[in-house]
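This report describes the fold of one protein chain and the packing of selected elements within it. The sequence and structure are shown first, and the description follows.

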Amino acid sequence: MMMMVSNHTLVTEFILQGFSEHPEYQLLLFSCFLSLYSVALTSNVLIILAITFNPGLHTPMYFFLFNLATMDIICTSSIMPKAMKGLLSDKNSISYGGCMAQLYFLTWSASSELLLLTVMAYDRYAAICHPLHYSTMMSKAFCSVLLAGVWMLCAFNTAIHTGLMMLLNFCGPNVITHFFCEVPPLLLLSCSSTYVNSVMIVLADAFYGILNFLMTIVSYVFIISSILKMQTSEGKQKAFSTCSSHLIVVCMYYSAVFYAYLSPVSSYSAEKSKLAGVLYTMLSPTLNPLIYTLRNKEVKAALRKLFPFFRN
């Protein structure tokens, strides 16, 4: 839909291209997306319940995992219902306001997860490199400040990017070459200058992508150095097991983010962006709880207390 404003025709809704270029796979994709979404919701909700109702899991590591699960639910729920609806319909439209809302919640949750992964790397650094001072370094008050900072900083940053997007004019065409509202394809549709948006994206990429990744790498350099200095193989194995899950998730998540975003808007590739979108909006929220906690003995014990059917 279009409306006339000051001799300009402005877009009032967008069409999400989704996977319409491959109609023969849409039913298969719907089944896959529904399965991934169901597993992601169920496993993350179970983790939240297990941590909430088990006092033994009220530690910094599980406090961060609780927030990671919450972020994963927001991320995948802001995308998947609309994406699955689009796979079952001939025309997948989204209102201008709905598009901006989707963009906000996706960016907020995804950027928060990047920051949280850095905070979790610091937590592992404190636990392995300074075990005697861990309770002091990662006190409840300090963890609360860290988490509040993550949520609030990312909410503020996302508000700036979404606000800048809302200042742009969209005169048509209105087809977004993605299965959700994403920044690069939206900028390509704008009929006004996107210079400020592009500069802010570069700054955000530098902070969330590069700086946070380097901070995580530095944390793991110290962690690996400390592990190698341990005298017993048992101690090394135990220390490595406490950070291996986090390292797997970091590699998986940053691979998708770098693949999708660390390139100019002008070189945007719809197919590449869709693949990366599947990785960090569907696959990552599904695998995170499995990698992190569902193989964790403490979490399994907590789930068995809550739900008898988890007993072997």
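## Cys 129 and its contacts

Cys 129 is found in helix α4. The model discussed here is predicted. Apart from neighbours within four places in sequence, Cys 129 is in contact with Phe 222, Ile 223 and Ser 226. Ile 223 lies 94 residues from Cys 129 along the chain, yet the two C-alpha atoms are separated by 6.2 Å.

## Overall form

The protein contains eleven helices and five strands. Its radius of gyration is 21 Å, which agrees with the value near 20 Å that a compact globule of 312 residues would have. Taken along the principal axes, the box filled by the C-alpha atoms is roughly 75 × 45 × 30 Å.

Of the 312 residues, 46% count as buried. When contacts between residues at least 6 apart in sequence are considered, 78% join residues at least 24 apart.

## Helix α4 against helix α10

Two packed helices are described by the angle between their axes and by the distance between the axes. Helix α4 (residues 96–129) and helix α10 (residues 270–292) pack at an angle of about 35 degrees, and their axes are 13 Å apart. The crossing in which α4 passes α10 is left-handed.

On the α4 side, the contact involves Leu 106, Glu 113, Leu 117 and Met 120. These residues meet Tyr 280, Thr 281, Ser 284, Asn 288 and Tyr 292 in α10. By class, the residues of this contact divide into five nonpolar, three polar and one charged.

## Helix α3 and its surroundings

Helix α3 (residues 80–87) is largely enclosed by the rest of the structure, because six of its eight residues are buried. The buried residues are Met 80, Lys 82, Ala 83, Met 84, Gly 86 and Leu 87. They pack against the strands β3 (13–16) and β4 (93–95) and against the helices α1 (26–52), α2 (60–77), α4 and α10.

Phe 30 is found in helix α1, and its relative accessibility of 18% falls under the 20% limit, so Phe 30 counts as buried. Beyond its neighbours within four places in sequence, Phe 30 is in contact with Met 84, Leu 87 and Leu 88. Leu 27 also has its place in helix α1. Its relative accessibility of 62% is over the 50% limit, and therefore Leu 27 counts as exposed.

## Accessibility in helix α8

Ile 224 is found in helix α8 (residues 195–229). With a relative accessibility of 47%, Ile 224 counts as partly exposed, because this value lies between the limits of 20% and 50%.

## Selected C-alpha distances

| Residue pair | Separation in sequence | C-alpha distance |
|---|---|---|
| Cys 129 and Ile 223 | 94 residues | 6.2 Å |
| Leu 27 and Leu 87 | 60 residues | 7.1 Å |
| Phe 30 and Ile 48 | 18 residues | 27 Å |
| Ile 224 and Gly 18 | 206 residues | 42 Å |

Definitions and conventions: Residues numbered from 1 in each chain as written. Predicted model: local features only at pLDDT ≥ 70, side-chain atom pairs only at ≥ 80, totals over all residues. Heavy atoms only, no water. Axes fitted to C-alpha atoms, helices over the stretch in contact; angles between N-to-C directions. Helix = DSSP H or I, 4+ residues; strand = E, 2+ residues; numbered from the N terminus. Left-handed = near helix turned anticlockwise from the far one by under 90°. Contact = heavy atoms within 4.5 Å. Nonpolar A, V, L, I, M, F, W, Y, C, P; charged D, E, K, R; others polar. Rg over C-alpha atoms; globule rule 2.2 N^0.38 Å. Buried < 20%, exposed > 50% of the residue type's maximum accessible area, 1.4 Å probe, protein only.
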